Amino acid sequence: MSPMSMIRKADVSLVCRGMDGGIGTYTLNMYKGLSKKGYRVHLVCLERDLQYLENRLPESDILITSSPDYRKGVSCMGRYLEAAQPKVLITPQLRPTIIALRARAAFNPGTRIYPVIHSTYSEEFRHLPVSKRFFRLLRLRYHYKKCDGIIAVSAGAAGDFTRMTGISESAVSVVYNPVNTSEILSRAAQPLHHPWFNNGQPPVVLGIGRLVWEKNFQMLIEAFEIVRSRIASRLMILGDGPHRQKLERRIQASPFSGDISMPGRVPNPYQFIRRSALLTLSSNYEGLPTVLIEALASGTPVVSTDCPNGPREILKDGKYGQIVSVNKPEKLADAMIQTLGSPLSSKVLKKRALNFDIDSSVANYLRLFGLTDGS
């Protein structure tokens with residue numbers, strides 16, 4: 001990682017807090033897509049959690065600003081802005097956006113700041129205490145109005161944000177997350193040595209994501225039990241998170257515990273996606289669930305809950321995968337069984353995924369930023 005004195009100038013800087021999950025994938029794909037087009041890109045990390053950087057990036061492009069703490073973070077971010085003088089800074093959440101705004105005011109007023117709405121804020125805020133929800137909403141309105149533009153990863157997330165904050169719709173642009181379809185296909189083709197995916201084994205239903213409440217893997221397990229009671233099948237959930245022990249207890253109590261596996265995070269999930277008979281999204285809410293697009297790009301059929309927001313946009317109201325009501329295990333199980341019995345063509349699914357390809361998404365970002373020369 002470069003010391004401040006040796007930082008080169010940047011066209012676009014991507015702020016992150018670690019590299020796990022969907023936001024980590026988004027950040028890495030943005031870096032690759034912008035770099036491919038000839039732009040000078042920095043990855044500015046507020047924490048030293050880089051273990052999920054599966055492909056090594058040039059160390060000169062990765063910088064640690066030491067802390068997500070406001071006071072230390074503003075100072076470190078300010079020194080970075082002063083040294084790198086990025087034209088555009090992209091931030092993923094409220095706290096990094098506030099840090100960036102304060103640092104810009106003190107060190108480099110020329111940098112343009114664009115926060116990205118990756119989630120459905122109304123759903124996130126619903127579970128906060130009333131006083132905390134009110135205070136956070138005030139901060140969201142106050143600080144995001146100071147930005148040069150706001151980006152939402154789906155039309156649903158954009159609508160939710162403007163309704164909740166009262167910020168004008170004209171201030172929010174919708175740009176889908178960049179998905180590196182060619183890399184997905186390349187990595188999916190790598191050999192996978194797992195007995196569940198050998199020839200002659202029952203079909204595997206796959207779930208992927210952080211083990212947290214909003215992903216609702218508890219409901220996925222319940223739906224799978226209904227599926228398993230009717231047809232031979234297995235369930236694998238990739239990911240880790242605070243609900244692991246709770247889910248493990250639920251699996252141990254299942255009559256089909258031997259057919260349910262949670263191996264944790266894996267370095268290459270695309271190997272599993274490609275070889276699974278079905279990917280199921282059971283979430284209570286999302287922003288734009290990239291895993292659905294990754295499954296389509298792999299040619300793997302999908303079933304999803306009709307959660308806010310993203311699945312209906314990605315699957316085009318059910319044309320490219322069945323969509324069922326949130327938290328309805330019986331309906332989810334029925335859709336899973338139907339899809340396992342009559343899956344869509346992999347060619348059709350792969351063609352749909354091209355609508356979210358990295359080149360198209362990055363080009364939309366560049367148009368929004370007014371960066372078109374690839375300098």
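Predicted model: local features only at pLDDT ≥ 70, side-chain atom pairs only at ≥ 80, totals over all residues.

Entry 1: I found an open sheet of six strands, ordered 10-9-8-11-12-13, with parallel pairing. Strand 10 (260-264) and strand 13 (322-324) lie at the edges with a single partner strand each, so one side of each has no neighbour in the sheet. From one strand to the next, the twist averages 20 degrees.

Strand 12 (residues 302-305) pairs with strand 13 in the parallel sense, over three bridges. I noted that Val303 has Gln322 in strand 13 as its bridge partner.

Next I asked which strands helix 8 (residues 217-230) touches. Helix 8 packs on the sheet and touches strand 8 (204-208), strand 9 (234-238), strand 10, strand 11 (278-281) and strand 12. The direction of helix 8 makes about 170 degrees with that of strand 9.

**Entry 2: helices 5 and 6.** I recorded the geometry of this pair. Helix 5 (residues 130-144) packs against helix 6 (residues 155-165) at an angle of about 105 degrees, and their axes are 10 Å apart. The two helices are therefore roughly perpendicular to each other, as 65 to 115 degrees counts as such.

On the helix 5 side I listed Leu137, Leu140, Arg141 and Tyr144, which meet Phe161, Met164 and Thr165 in helix 6. By class, this contact comprises five nonpolar, one polar and one charged residues.

**Entry 3: burial of helix 6.** I checked how far helix 6 is enclosed. Nine of its 11 residues are buried, so helix 6 is largely enclosed by the rest of the structure. The buried residues include Gly156, Asp160, Phe161 and Met164. Their cover includes strand 5 (112-117), helix 4 (121-126), helix 5, strand 6 (150-152), strand 7 and helix 12 (311-314). Just after helix 6, I noted a positive phi of about 80 degrees at Gly166.

**Entry 4: Tyr176.** I located Tyr176 in the loop between strand 7 (172-174) and helix 7 (181-188). Is Tyr176 buried, partly exposed or exposed? Its relative accessible area is 29%, and Tyr176 is therefore partly exposed, since buried requires under 20% and exposed over 50%.

Leaving aside neighbours within four places in sequence, I found Tyr176 in contact with Val153, Ser154, Leu288, Glu313, Phe356, Ser361 and Tyr365. With Glu313, the side chain of Tyr176 makes a polar contact of 2.9 Å. I also looked up Ile113, which is 63 residues from Tyr176 in sequence and 18 Å from it in space, C-alpha to C-alpha.

Notes. Residues numbered from 1 in each chain as written. Heavy atoms only, no water. Pairing = 2+ DSSP bridges. Helix = DSSP H or I, 4+ residues; strand = E, 2+ residues; numbered from the N terminus. Axes fitted to C-alpha atoms, helices over the stretch in contact; angles between N-to-C directions. Contact = heavy atoms within 4.5 Å. Parallel < 35°, antiparallel > 145°, perpendicular 65-115°, else oblique. Nonpolar A, V, L, I, M, F, W, Y, C, P; charged D, E, K, R; others polar. Buried < 20%, exposed > 50% of the residue type's maximum accessible area, 1.4 Å probe, protein only. Polar contact = N/O pair within 3.5 Å; in protein donor to acceptor, adjacent residues only side chain to side chain.
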